[in-house]
Amino acid sequence: MAKIHIILATYNGEMYLRRQLDSILQSYEDFCLHIFDDGSTDETPDILNEYQTMCPNRIKVQFNAQNLGCTRNFLNGLKTVYDGLQAESASEVSGKPTGRDYFMFCDQDDIWYPEKLSITQKAMRKLEKKYGSDTPLLVFTDAVVTDANGEEIAPSFIEQNKLNPYAVSMARILTENKCIGCTSMMNEELVQLLTQVPEQARYHDWWMALLATSFGRMSYLNRQTLSYCQHGNNVVGVQKFTSYVKQRLLTLKKQKEMLLATQQQAAEFLAIYGEVLNEEKAKVIKSFATLSEQSFMNRRINVLRYGFFKTGLVRNIGLLLII
């Protein structure tokens, strides 16, 4: 029987953590919640120990020896869980059925809907049937945006941010992250590709989306499966699209720095996986990773040649202005 392994990264999350843990525990699916605390100094460790004592078969807590930061905490947690499962499998009696495992990311301050696991797993199994269970796969969904009190701000994260979740070619994902990490599910074949925790990954979900589009498939399910809590402490927040445009027009220098960071992410991805990527995909990634080293004209030619586009005209005009 398939088991779902949920990777929850925590850091000073006492204000919202209990309601999130309670919402996850509503599910009747077979899951294990693996929590990695990144050095919290508030009441978070006490809350985690309380819930682990209450649900020892479903909740496993680890406390990092040093602060890793959000992205590396998630990816290190995912790799730690997968490696642990592989070690357990290797020690089992030969021929014992193990079933398939799936993996999900989880933020500390959202509220999961009771059907979240079953809906996403069903979509994953459809993908496996379509592309084969040996294909690296990632499924992600939409989310309702709420304030800190749980009041709805927007019915759709995707619409609020004017994203096209169906444009998920590798070139598009190199340029813009479409994956909402806290809604995603990954199969074993995808997670096993995480051979090392990168230093330059901008976000954990973005890195896994790069893996999915480079070696397998990534698919969007148009369903809201959780309430995404928007508050002042979010690592990645939501804003009105008009505010997004205004901010970027006023901070072009910062946007150039962010584009450079995205290129550095691609360069590290190529350094790690270049030898196992097919030649054409490696060529595309190298072109994106080296944009800043190319001439004014070649940068723009390669954007058009390979389709390094974001969602919408406004974003792409901005991209062409800063590259």
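This is a predicted model: local features need pLDDT of at least 70, side-chain atom pairs count only at pLDDT 80 or more; totals for chains, interfaces and linings use all residues.
The side chain of Arg-18 meets that of Glu-50 in a salt bridge, with an N to O distance of 2.8 Å. This pair connects distant parts of the chain, for Arg-18 belongs to helix 1 and Glu-50 to helix 2, and 32 residues separate them. Glu-50, with a relative accessible area of 37%, is likewise partly exposed, since values between 20% and 50% fall in that class.

## The buried side of helix 2

Which residues of helix 2 are buried? In this helix, which spans residues 44–54, they are Thr-44, Pro-45, Ile-47, Leu-48 and Tyr-51. These residues lie on the same side of helix 2, because the arc that they cover around the axis is only 160 degrees.

Several elements contribute to the cover over these buried residues. Among them are two strands, strand 1 (3–10) and strand 2 (31–37). Helix 1 (17–24) and strand 3 (59–63) also take part in the cover.

## Other salt bridges

How many salt bridges does a search of the whole structure find? The search finds seven. One of them joins the side chains of Asp-83 and Lys-79, again with 2.8 Å from N to O. Both residues are part of helix 3 (residues 70–91), where they stand four residues apart, or about one turn of the helix. Asp-83 has a relative accessibility of 36% and so counts as partly exposed.

A further salt bridge is formed by Arg-315 and Glu-176, whose closest N and O atoms are 3.7 Å apart. It links distant parts of the chain: Arg-315 lies in helix 13 (residues 313–322), while Glu-176 lies in the loop between helix 6 (170–175) and strand 8 (185–187), 139 residues away. Are these two residues buried or exposed? Both Arg-315 and Glu-176 are buried.

## Strand 9 and its partners

Strand 9 (residues 217–229) runs antiparallel to strand 5 (residues 111–112), and two bridges join them. Within this pairing, Ile-111 has Ser-227 of strand 9 as its bridge partner. Strand 9 also pairs with strand 6 (residues 137–146), here in the parallel sense and over nine bridges. In strand 9, Arg-217 is the residue that stands opposite Leu-137.

Leu-137 and Arg-217 have a further link through Tyr-131. When neighbours within four places in sequence are set aside, Tyr-131 is in contact with both of these residues. Tyr-131 itself lies in helix 4 (residues 116–131). Its relative accessibility of 29% places Tyr-131 among residues that count as partly exposed.

## A nonpolar surface patch

Which residues form a nonpolar patch on the surface? Phe-296, Met-297 and Ile-301 do so, and their accessible area together is about 300 Å². Met-297 is located in helix 12, which covers residues 296–306.

Where does Met-297 stand in relation to Tyr-131? The two residues are 166 residues apart in sequence, and 39 Å separates their C-alpha atoms in space.

Conventions. Residues are numbered from 1 along each chain as its sequence is written. Side-chain values use heavy atoms; hydrogens and water are left out. Two strands pair if DSSP finds at least two bridges between them. Patches are made of residues with over 30% relative accessible area and no salt bridge: like charges are joined within 9 Å, nonpolar side chains (Val, Leu, Ile, Met, Phe, Trp, Tyr) within 5 Å. Accessible areas come from the Shrake-Rupley method with a 1.4 Å probe; for residues, only the protein chains shown count as cover. A salt bridge is a side-chain nitrogen of Lys or Arg within 4 Å of a carboxyl oxygen of Asp or Glu. Buried means under 20% relative accessible area, exposed over 50%, partly exposed in between (1.4 Å probe, protein chains only). The arc is that of the directions from the helix axis to the C-beta atoms. Contact means heavy atoms within 4.5 Å.
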